[in-house]
Amino acid sequence: MRKRSFFGLSKPSFHYELATDIAATPVAIPTPETVQIYIKQELTRSSKILKTGMSVKTGQRLQLNEGDSIGTISSVTGTIVSIEPFLADYGQTWTAITIETESSDIMDTEFADFIETPSLETLNRFFPTCPGEPDFQPLMDERNPVKTIVIYGGNADILIDTGLLVLKTKADAVNEGIEVLRKITGIEEVVIVVPEESVQNYSGHLDARIQSVSSQYPYAQPLMVLYNLTGRLPDENGAASLGTYFIRAEAVASIGEAFVTGRLPVNKTITVIDKQGNKHLACARIGTPVGKMLDTFGVEVNDQDKIIFGGPMTGNAIYSEDLPIGPDTDAIMVQDKAIIPLYSDYPCINCGDCVHICPANVPVNLIVRFLAAGQYTEGADMYDLYSCIECGLCSYVCSSRIPIYQYIKLAKYELGRITSAEEMNEQ
Amino acid sequence: MNSKKTLIVSHAPFWHDGSGIPERSYHTIIAALPAALVGIAYYGVPALGVICLAVSSAILWELLFNYAGKRPITVGDGNAAMTGFLLAMLLPASAPWWLVLLGTFLAIVIGMQIFGGIGANPFCPVALAVAILMVSYTTHLDFDAGLVNFSLDFPSPTDPMAALKAFGPAAIENFRPMDLLMGLHVGGLGSGCGLAIIIGGVYLILRGFIRWEISISFIAGIFVTAMLFNMADPARYASPIFHLLAGYTLIGAFFLATESSSSPVNVIPMIVYGVMGGIMTVLIRNIGVWVDGVIFAILLINLINPLVDKIRPKAIGKVA
């Protein structure tokens, strides 16, 4: 963990990992005995289609009921042993499916029939849970047509290697994916965002306009990239009206790979960061339990340590070693209990460190007072809540150790819920 | 499904730069220490007594108020100790015990706790307490009267600010700037030695515990305003160097005006805030009735802080 320098006048500065920093090739993690995958839908009554004891094939699409648009892709061949509700972030209710694996992989052939006729429906049917976790809803929204597809090639957070590794090793698949996306959507304008140090590695190799971003954190965070491309940031109505569609390079590579081979990709590339800060690269089936991954690299987890999905600035802490890696898990980071910084309930003392470091000029010292009191609308209307690009630097420097970033994410989530409820009422 | 290991969860970010309120408080005390040591060296044990009583009573007032208000115990953050320490530095070494107790009560309870504790005070608590004491107990805050029984080895036995106010610049001709810088003049027990305060202030600035824009613009405001007065009529108004080195100027610039919750955080507001403080200080000193204007000037700029801090850069992505 990086500490404040003795001369506190200088701002702390972080840099993303570069493509040249990637040393090793990913270690393939053997298929675990059980995997768990999620369907992002509430399990209201027992599923008509999925039953425990049912056998599934690798790459088979699983959905709870007939006619559901939401489903998932089985990453292994085996038998379903349990279907149970799962409580995800912000109290969302999903369905968790546990599959006991068999030794040999049998590939499902349903997708192969769709290769010749790529369409948005095909993408939305098979790819929302493929590595990179793309969301195709913005492309299907007819009221807000998308003009530009932005492929995000950088790493999601500091310390992580995954994003650039995928771009480096799967450039061909990314090109195929771009072609498929162009054919399906008819959108010519495709932009790939990469750190400026890596531009020369990709320009000419990829069939899209290369846009470079600074490798200094947080200038490659998705919202910051969006701002630099469009000059705007999404408000409570979401990013739809900006006409820009965001997709990770890994998702584009998944699409390209699938349309070339006829098989849906089920392996996720992951950076594992151990307690000493050493990095290991791994490639594992989606749904592999975290504990299994950590065992492979000899990372010991003790009581009161912290396991994080994602990087140190924007990741999510998880509560159990048994939780599976998902299609968007770029990194697993383990923190020893001795170095976990704790938040406090101290009030803001107006030291100004957050205002000083904020890359978006948000008056953090003022907004945090409103958000802490639950006055989200005031925060959005008067104190630039929607200018926040969610980098977490304010909480990193906060003297009072206020969980500012958490307040901001919660406020955006709550306001988004209010807006969508109002839209529902209008219809 | 549930593993036996209990993991700690929290929201991102999972790193912290290690800064904290206790550090800020204790480093401010460390920065103020050299000036206080000089004061103890000149004024002896009474000065040490005032400092000890102020620090301990400030902590006790906060503890009492924590209990009375059924709030979490916050004395561990060092803010009360720092407030007491800075208050003692402004008092004369001759301050009686009850004045010190009253001063720390005013600073901690009236200045801070009744507004909601640390971070909620609209005024610099130390400046507020000293202002109330100055208005209420004029003689005890009058350095000439208070220190009359001290045998001091200074070039002049009078308070330079009081001498200037009463007799004009002619009376301060024997105060050499070097003596003022070294603290060889009558004044607050910790506010006399300009050199020690500057060392402390530079330390705080380099460590990032105070915002340099405020200190520098406060000093610049005093210097420029005093220079204009001096150029207009040198026979009536003292030189800017004198204004910089005498009275509470330097301790005000580095320790009082920079109090974090009552000062702005954006660059332009910080400069406006500091310059306004400097101008007000010299106005009060040169054409007001009070001997030293720093305390009242700081309370005045504390008042305009919420207003000036509205001048801020436009946040990114805002259409309007």
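Predicted model: local features only at pLDDT ≥ 70, side-chain atom pairs only at ≥ 80, totals over all residues.

Me: Thanks! And how is chain A divided into domains?
Reply: There is domain 1 (23–28 + 266–339), then domain 2 (34–103), domain 3 (112–261) and domain 4 (353–426). Between domain 1 and domain 4 of chain A, the C-alpha centres are 28 Å apart.

Me: Why does the radius of gyration of chain A agree with a compact globule?
Reply: Because a compact globule with 427 residues would come out near 22 Å, and chain A has 22 Å. Along the principal axes, its C-alpha atoms fill a box of roughly 60 × 50 × 50 Å.

Me: What share of chain A counts as buried?
Reply: That would be 49% of its 427 residues.

Me: Switching topic: how many residues does each chain bring to the contact?
Reply: Chain A brings 60 residues and chain B brings 42 residues. On the chain A side, β14 (306–309), β15 (316–318), α12 (393–397) and α13 (404–426) each give two or more residues. That side has 31 nonpolar, 17 polar and 12 charged residues.

Me: Which residues touch the most other members of the largest nonpolar core?
Reply: Those are I151(A), V50(B) and A127(B), in a core of 226 residues. Helix α2 (residues 45–68) of chain B gives the most to this core, with 10 residues.

Me: And what does I151(A) touch?
Reply: Leaving out residues up to four places away in sequence, its partners include V190(A), V191(A), I192(A), V193(A) and A208(A). I247(A), A249(A) and V252(A) are also among the residues I151(A) touches.

Terms used: Residues numbered from 1 in each chain as written. Chains lettered and ligands numbered in written order. Contact = placed C-beta atoms within 7 Å. Helix = DSSP H or I, 4+ residues; strand = E, 2+ residues; numbered from the N terminus. Nonpolar A, V, L, I, M, F, W, Y, C, P; charged D, E, K, R; others polar. Domains from an automatic or database assignment. Core = buried A, V, L, I, M, F, W, Y, C linked by C-beta atoms within 7 Å. Buried ≥ 20, exposed ≤ 12 C-beta atoms within 10 Å, placed from the backbone. Rg over C-alpha atoms; globule rule 2.2 N^0.38 Å.
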